[in-house]
Amino acid sequence: MTERALGTDRPLRLGTRRSKLAMAQSGQVAEAVRQLTGRPVELVEITTYGDTSREHLAQIGGTGVFVTALRDALLAGEVDFAVHSLKDLPTAQPDDLVLAAIPQREDPRDVLVARDGLTLGRLPQGARIGTGSPRRMAQLNAYARSHGLEIETVPIRGNVDTRIGFVRNGELDAVVLAAAGLNRIGRIDDVTDFLSVDSILPAPGQGALAVECTAADAALTAALAGLDDPFTRAAVTAERSLLAALEAGCSAPVGALADLLADGQDVHEMCLRGVVGTTDGSTLVQLSTTGPVPSSQDEAVALGRELAAEMLAKGAAGLMGERAL
């Protein structure tokens with residue numbers, strides 16, 4: 001799209017996956033873009049390999065499986081911009097595409113949806129917990145080991161309704177999902193426990209969205225930048241830098257969260273925490289570092305790399321080859 005085209009009344013085409021969650025979060029971004037630009041926005045549904053494959057994410061590679069088709073549509077000019085769940089994006093950004101905006105992050109925590117209103121601490125011995133994430137498996141199993149609890153982590157796939165259905169029909173005692181996704185589709189009331197980040201660190205970038213367009217489209221890039229939240233961008237950049245430095249894809253058992261530490265209204269420090277572990281929970285490397293809030297992309301990247309180096313020195317490198325499923 002040229003600068004001249006940005007001023008036309010032609011609807012902006014937003015590329016999105018077809019799932020209920022993707023449509024919900026893309027719809028929210030579309031409304032924000034309408035308000036920001038005064039332009040109509042239409043959703044263009046695109047099916048990705050991750051949506052059609054029935055294999056588990058750790059088997060199909062995880063990284064990029066929900067993203068490639070959207071990016072192909074962008075580069076082919078079939079859509080003007082795309083919305084991704086940031087945690088699905090590969091850490092290396094293509095030169096011809098730009099993350100024009102990372103809006104304010106939703107709740108980054110994982111949550112439990114369990115039978116009978118159970119919390120993590122009240123699950124019975126032998127509880128079967130469903131998740132498709134090696135990261136969640138590693139931390140759930142480590143939590144269980146440290147609390148004298150025997151659990152079985154069961155690999156599952158499917159949309160939110162499918163996953164919660166495993167609990168409702170008695171197949172599983174609980175499933176672990178992202179709070180942000182349930183919030184966005186109005187299902188947060190199904191949650192029986194919000195999992196503390198002291199026990200279960202989320203995926204790098206969890207709860208954040210990425211609004212992407214072509215680098216050549218300067219006018220649209222500038223317009224979309226109005227949706228950007230600088231604190232969220234700094235936090236997720238540090239988290240994804242940690243992930244990249246550990247040379248891990250989104251199917252690897254890595255968790256990370258950058259918290260902004262505020263003194264009243266003044267945000268002055270950032271605490272970055274990272275974890276990597278074996279999926280059986282027998283070994284975890286979990287470290288944190290605190291420093292000034294990064295004032296640039298380079299500073300945020302450096303914070304992630306610094307913590308990754310410490311984790312690698314503590315033995316994280318030997319854990320990265322672990323794959324569940």
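Does Asp 190 count as buried or exposed, and what is its relative accessibility? Asp 190 counts as buried because its relative accessibility is 18%, and buried here means under 20%. Keep in mind that what you're looking at is a predicted model.

You'll find Asp 190 in the loop between helix H8 and strand S9 (193-194). Leaving aside residues up to four places away in sequence, Asp 190 touches Val 113, Ile 164 and Arg 168. Its side chain also makes a polar contact with the side chain of Arg 187, at 2.5 Å.

Arg 187 turns up again when we look at another aspartate. Asp 161 touches Lys 20 and Arg 187, again not counting residues up to four places away in sequence. Asp 161 belongs to helix H7 (residues 160-168). With 36% relative accessibility, Asp 161 counts as partly exposed. Along the chain, Asp 161 and Lys 20 are 141 residues apart, yet in space their C-alpha atoms are 9.5 Å apart. Their side chains make a polar contact at 2.9 Å.

| Side chain | Partner side chain | Distance |
|---|---|---|
| Asp 190 | Arg 187 | 2.5 Å |
| Asp 161 | Lys 20 | 2.9 Å |

## Helix H2

Lys 20 leads us to helix H2, which covers residues 20-37. Let's check its length. At 1.5 Å a residue, the 18 residues of H2 should span 26 Å, and the C-alpha atoms at its ends are 25 Å apart, which agrees.

Now for its sides. Ala 22, Gln 25, Ser 26, Val 29, Ala 30 and Val 33 are the buried residues to look for in H2. They sit on the same side of H2, because they cover an arc of only 150 degrees around the axis. There's a general rule to go with this: an α-helix has 3.6 residues a turn, so residues three or four places apart point the same way. Lys 20 and Gln 35, on the other side of H2, are exposed.

What do the buried residues of H2 pack against? Their partners are strands S1 (12-16), S2 (41-45), S3 (81-85) and S10 (209-214), along with helices H8 (179-184) and H9 (218-224). After H2 comes Gly 38, which has a positive phi, near 75 degrees.

S4 (residues 97-101) is largely enclosed by the rest of the structure, because 4 of its 5 residues are buried.

S11 and strand S12 (residues 266-277) run antiparallel, with 10 bridges joining them. Asp 263, for example, has Asp 266 in S12 as its bridge partner.

Conventions:
Residues are numbered from 1 along each chain as its sequence is written. This is a predicted model: local features need pLDDT of at least 70, side-chain atom pairs count only at pLDDT 80 or more; totals for chains, interfaces and linings use all residues. Side-chain values use heavy atoms; hydrogens and water are left out. Helices (H or I, at least four residues) and strands (E, at least two) are DSSP runs, numbered from the N terminus. The expected span of a helix is 1.5 Å times one less than its number of residues. Buried means under 20% relative accessible area, exposed over 50%, partly exposed in between (1.4 Å probe, protein chains only). The arc is that of the directions from the helix axis to the C-beta atoms. Contact means heavy atoms within 4.5 Å. Two strands pair if DSSP finds at least two bridges between them. A polar contact is a pair of N or O atoms within 3.5 Å; within protein, one must be able to donate a hydrogen and the other to accept it, and residues adjacent in sequence count only if both atoms are side-chain atoms.
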